[in-house]
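Hello,

Here is the structure we spoke of handing over. My notes on what was found in it follow below.

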Amino acid sequence: MSRSPSFSVKSEADNLKIDEKALQQWVVGFCIIRFDLEQGQLIEECYPSGCLTHNEELEVAFSSFPDSVSQNHNRSSIHDCIFFFRVRRQGNPLPSSEIVEVDNTRVTATDKVLKHRSRIQTGVNSRYLYGFVFNRQRHDERLKRGGEQKSVVILSHNPFSSVFRPLLQIMGPLYFDIGKKALNFIAAYVSMWPAPVPGQLMELPIGNATLKVNLPPAHCMPLDCGVLFEELASPIAPFLPSNQSVPQGLFHDADLFGTFRGLLMQLWKLWELLLIGEPILIIAPTPPQCCEAVAGLVSLVAPLLCSIDFRPYFTIHDPDFAHLNSLQEGAAFPPMILGVTNLFFLKALRSIPHVLSVGNPTMNATRLPFAARASTGRIPVGPEGLSLPNLSLRKFAPSNFLNAMKLRRDGPLCLMTEHKEAIWSSYAPITKPDTSILNRLIDAGLSPRVEESMSVVNNDILRRHFLELTTNFLAPFGPYYRPTTPSEGSSPYVDPPPLPTFNAEDFLASLSARGPGKFLLKRMKSNWLDLYRLSLASK
């Protein structure tokens, strides 16, 4: 993975100054982490200093390298990959709801909004930290164990994958070219960026290049990012957006088609599992593949906020693992999406009810830009797109039936001997796979360039369908997002009108009487009301 030939650091970069307050609007810090044979993961550089607690430094360091258990040997001299993780922050200040004013100064509603916006921009109330990693493995037989590893990490309170992935493609190789100065250059450029505006296309200069990125809308941002309630509720009209070219969800750049190419028929089941808040364990051979799968699942429910915890790359060193591993038999597993590469989790987390295996151990996808690549699996070319059998919609055959029964009987532990793309879940989906959508998907062919272009088209087809599916599912909730009419003489800023009272039983009774609408009725089984009931019951 090399830097774009058009990128270069401007000559005046040495004289640039870093505005740390402005930098915090986008980035918590930058880290350089080396894997030492004797001492393990070591943080060589961390800017700004003191941005992490000691425990956070350890957790970031452990999360910034691929699991040794899952890595395939590679004889190439340099092997680069990009992935990201999400870890819980430790020792954060109290959230704004627990902060008490101690002086007698009158605080207006406008002052409170401005203070809260300041907390959002600096990430004061964020409970999670996102780490975007550029990992380089260098093969050199003269070194101990024949090579070395080092990671360049961007830490942020915001899950802006569309920003930090391309930024890493510049920053990673730049660091390995010029060393520590790269951190100062990148920090200086980022501190000159305007404040992030959710839901907008932004142009962010970096050296002589410009990143043109779409930020996810405010209503799709995790609640721990500190988005204001009015920003959260106002745009989420549960109707299909008029401008579908504007990204409507988190991780809208994830490669849905490339990641789930062998399991496309299961996307509707996975969509339902997300709606009802079920825990899912995702197994993949490499960190980039499991990250892409987690990001793809989170993006499936756009424009709805994915409110459950998700970990794109989860390791045994995460403090939460101790709690999950100690769950008693029969205890409910907390609603989470865990992306892992270490097969040890199959035994340690046996109580998790849904296991998804994706990716290919021989796929050399980690060399390509994260989320810009397409799957390297080959599908025979056809003049009218992908045929159904090639999309895992196999016609009945004794061999296929026996293989499916064997996978179900052996369970996820069969992955210990051989990696296979499969799903293990006893959940019976209510939504039927839309074969008309699958028939529209286009064969990518054998050329990597054509394959990438076709993957973009296929992703757009899948995203538009699931966006329409989710917005139609949300439509009955529409009246509860519209405030009641304010009383005469009241101010909407001082006394905002309340939202209508929601009662789950009354809602279900009303919905049962009038039906879900033609779009969902055509795509769901007769027990469609159960999906709403399960969704409301989920925590």
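W271, F473, F477, Y480, F502, F507, W528 and Y532 form one aromatic cluster. Please keep in mind that this is a predicted model.

F477 has 12% relative accessibility, so it counts as buried, as the cut-off for that is under 20%. F502, with a relative accessible area of 35%, is partly exposed.

The whole structure holds 26 aromatic pairs. Another of them is F321 with F345: the ring centres are 5.4 Å apart and the planes stand at 85 degrees, so this pair is edge-to-face. It links helix α10, which holds F321, to helix α11 (residues 344-348), which holds F345. Both of these residues are buried.

Two arginines also sit over rings. The charged end of R86 is over F310, 4.3 Å from the ring centre, and that of R136 is over F176, 4.5 Å from the ring centre.

In helix α2 (residues 54-63), the buried residues are E56, E59, V60, A61 and S63. Their cover includes β1 (29-36), β2 (40-47), β3 (78-88), β4 (128-139), β5 (147-156) and α10 (319-325).

For the chain overall, there are 17 helices and 12 strands, and 49% of the 539 residues are buried. The chain exposes about 26,000 Å², of which carbon and sulfur atoms supply 53%.

Regards

Note on methods
Residues numbered from 1 in each chain as written. Predicted model: local features only at pLDDT ≥ 70, side-chain atom pairs only at ≥ 80, totals over all residues. Heavy atoms only, no water. Helix = DSSP H or I, 4+ residues; strand = E, 2+ residues; numbered from the N terminus. Buried < 20%, exposed > 50% of the residue type's maximum accessible area, 1.4 Å probe, protein only. Areas by Shrake-Rupley, 256 points an atom, 1.4 Å probe, with all protein chains shown as cover. Contact = heavy atoms within 4.5 Å. Phe/Tyr/Trp six-rings, centres within 6.5 Å; stacked < 30°, edge-to-face > 60°. Lys NZ or Arg CZ within 6 Å of the ring centre and 35° of its normal.
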